[in-house]
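Good morning, and thank you for coming.

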There are 2 protein chains.
Amino acid sequence: MALGKDYATQECSIASALEVIGERWTLLVIRDAFYGVRRYNDFLVHLGIPRAVLSARLRALTEQGIMEKRRYQESPPRDEYVLTDRGIALWPTMRALGAWGREQLTQVQLRVFRHADCGTELGSYNECPACGTIVPVSDVEVLPGPGLSRDPADPVSRALLKPKRLLQPVVIDPV
Amino acid sequence: MALGKDYATQECSIASALEVIGERWTLLVIRDAFYGVRRYNDFLVHLGIPRAVLSARLRALTEQGIMEKRRYQESPPRDEYVLTDRGIALWPTMRALGAWGREQLTQVQLRVFRHADCGTELGSYNECPACGTIVPVSDVEVLPGPGLSRDPADPVSRALLKPKRLLQPVVIDPV
DNA sequence: GCTGTTGGTTCAATGACCGAACCGACGATG
DNA sequence: CATCGTCGGTTCGGTCATTGAACCAACAGC
């Protein structure tokens with residue numbers, strides 16, 4: 001999108017949202033960010049996205065305040081991209097979309113989301129059936145579901161097989 | 001999308017979902033369908049979408065079982081497009097996306113969603129705070145919010161100013 | 001000095017989207 | 001019965017976005 005052409009005239013918050021996150025790859029970049037991917041190269045190998053497109057998407061997301069570019073070491077200068085509060089607010093959308101995809105399309109559970117405090121699997125509204133509360137993103141634990149392949153090719157997918165909290169940086173182990 | 005190129009290898013229900021509904025215009029067509037738009041021409045004037053793209057999207061959505069093409073009169077033969085159960089299952093996603101757009105981007109409430117039974121405004125999980133239940137799509141009433149313009153140009157937008165239930169066909173009054 | 005890693009940019013080719021024009025089936029009008 | 005208008009499309013040339021490969025710069029380590 002980012003054409004503003006017609007979406008802008010829609011008078012609809014869904015259209016406004018799609019202006020910002022509706023382009024190809026954008027939501028997958030955000031999904032990876034929730035899973036703890038932060039570095040350019042990790043997005044690259046995990047998504048198989050063209051470099052130019054990744055650059056463009058990260059720049060757009062940064063400009064729109066959904067991600068933040070952060071220097072994590074000088075010399076050599078290295079930056080990482082992390083979700084801002086605005087980006088984190090997309091979690092319910094991600095969950096709803098993922099739940100729809102699983103129920104209506106794949107029929108296989110690829111990932112499980114649990115309440116880190118009590119280990120209970122979350123409902124599709126991110127509520128914990130045991131605690132009766134909506135679980136904040138930082139208390140959500142992701143682990144591979146029964147349908148996920150056990151030995152993926154790329155190192156990022158391999159690192160994501162370990163259970164971990166959302167947003168916590170993924171740890172790529174050396175070859 | 002519909003390229004299947006890389007999304008297919010993602011092992012992720014979000015990616016699968018985006019394969020199907022991630023293309024430009026697709027989610028806006030579905031949004032209109034929730035609002036009761038059913039006919040080719042009404043989608044056309046309300047969205048300002050190119051005709052060829054609308055045809056392609058409706059065909060794809062029909063093939064994927066998200067919408068259904070239904071003959072509503074013979075002579076002249078006229079069809080309408082309505083959401084199937086699979087399409088209706090997208091409602092939580094639409095709500096989540098719309099809520100994010102409103103809270104994080106537009107800051108203006110363009111539409112209000114109420115529980116038709118009791119008139120209470122719904123939360124962003126489609127729950128009725130008064131009744132304490134998740135409200136099914138057919139019991140949701142849409143009405144224009146404070147931010148919506150009162151005299152839109154196209155007849156479909158004008159017809160949508162009347163409060164109505166989701167999925168109930170929109171009534172276009174003659175010029 | 002050479003090589004490898006990270007984080008990019010540039011470029012030609014392909015594919016998607018756009019807007020305008022056209023088309024066929026039919027009803028209504030005169 | 002000729003013409004006009006509506007509805008639901010298809011076709012087509014031009015433009016814009018995406019793709020994949022190549023290139024580049026900064027730096028670390030050997």
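This is a predicted model: local features need pLDDT of at least 70, side-chain atom pairs count only at pLDDT 80 or more; totals for chains, interfaces and linings use all residues.

The buried residues of H2(B) are Thr26(B), Leu27(B), Leu28(B), Val29(B), Ile30(B), Arg31(B), Asp32(B), Ala33(B) and Phe34(B). That is nine of the nine residues of the helix, which spans residues 26–34, so H2 of chain B is largely enclosed by the rest of the structure. Just after H2(B) comes Gly36(B), whose phi is positive, at about 100 degrees.

Let me turn to the aromatic residues. Over all chains, the structure holds five aromatic pairs. One of them joins Phe34(B) to Trp91(B): the ring centres are 4.8 Å apart, the planes stand at 45 degrees, and the pair is tilted. What does this pair tie together? Phe34(B) belongs to helix H2 of chain B and Trp91(B) to helix H6, residues 91–106 of chain B, so the pair ties together parts that are 57 residues apart in sequence. Phe34(B) is buried, with a relative accessible area of 0%, and Trp91(B) is buried as well, at 4%.

Trp91(B) also pairs with Phe113(B); here the centres are 5.5 Å apart and the planes meet at 75 degrees, an angle over 60, so this pair is edge-to-face. The pair links distant parts of the chain, 22 residues apart, with Trp91(B) in helix H6 and Phe113(B) in strand E3, residues 111–115 of chain B. Is Phe113(B) buried or exposed? Its relative accessibility is 10%, and Phe113(B) therefore counts as buried. In chain A, ring pairs link Phe34(A), Trp91(A) and Phe113(A) into a cluster.

Both Trp91(B) and Phe113(B) are touched by Val140(B). Val140(B) is found in strand E6 of chain B, residues 140–144, and is buried, with a relative accessible area of 0%. Among its other contacts are Arg114(B), Leu122(B), Val135(B) and Lys164(B). From C-alpha to C-alpha, Val140(B) is 9.2 Å from Leu167(B), although the two are 27 residues apart in sequence.

I now consider the two protein copies together. The same surface serves both copies, as 100% of the contact residues of chain B recur in chain A.

Finally, the DNA. At the phosphates, a backbone N or O atom of Asn41(A) lies 3.4 Å from a phosphate oxygen, and a polar side-chain atom of Ser55(A) lies 3.5 Å from a phosphate oxygen. At the bases, an N or O atom in the side chain of Arg51(A) is 2.8 Å from a base nitrogen.

H4(A) gives the most to the surface near DNA strand C, with four residues. By class, that surface has nine nonpolar, three polar and nine charged residues. I would be glad to take questions.

Conventions:
Residues are numbered from 1 along each chain as its sequence is written. Chains are lettered from A and ligands numbered from 1 in the order in which they are written. Side-chain values use heavy atoms; hydrogens and water are left out. Buried means under 20% relative accessible area, exposed over 50%, partly exposed in between (1.4 Å probe, protein chains only). Helices (H or I, at least four residues) and strands (E, at least two) are DSSP runs, numbered from the N terminus. Contact means heavy atoms within 4.5 Å. Rings of Phe, Tyr and Trp (its six-membered ring) pair if their centres lie within 6.5 Å; planes under 30 degrees apart count as stacked, over 60 as edge-to-face and the rest as tilted. A polar contact is a pair of N or O atoms within 3.5 Å; within protein, one must be able to donate a hydrogen and the other to accept it, and residues adjacent in sequence count only if both atoms are side-chain atoms. Ala, Val, Leu, Ile, Met, Phe, Trp, Tyr, Cys and Pro count as nonpolar, Asp, Glu, Lys and Arg as charged, and the others, Gly among them, as polar. Lists of a residue's contacts leave out its neighbours within four places in sequence.
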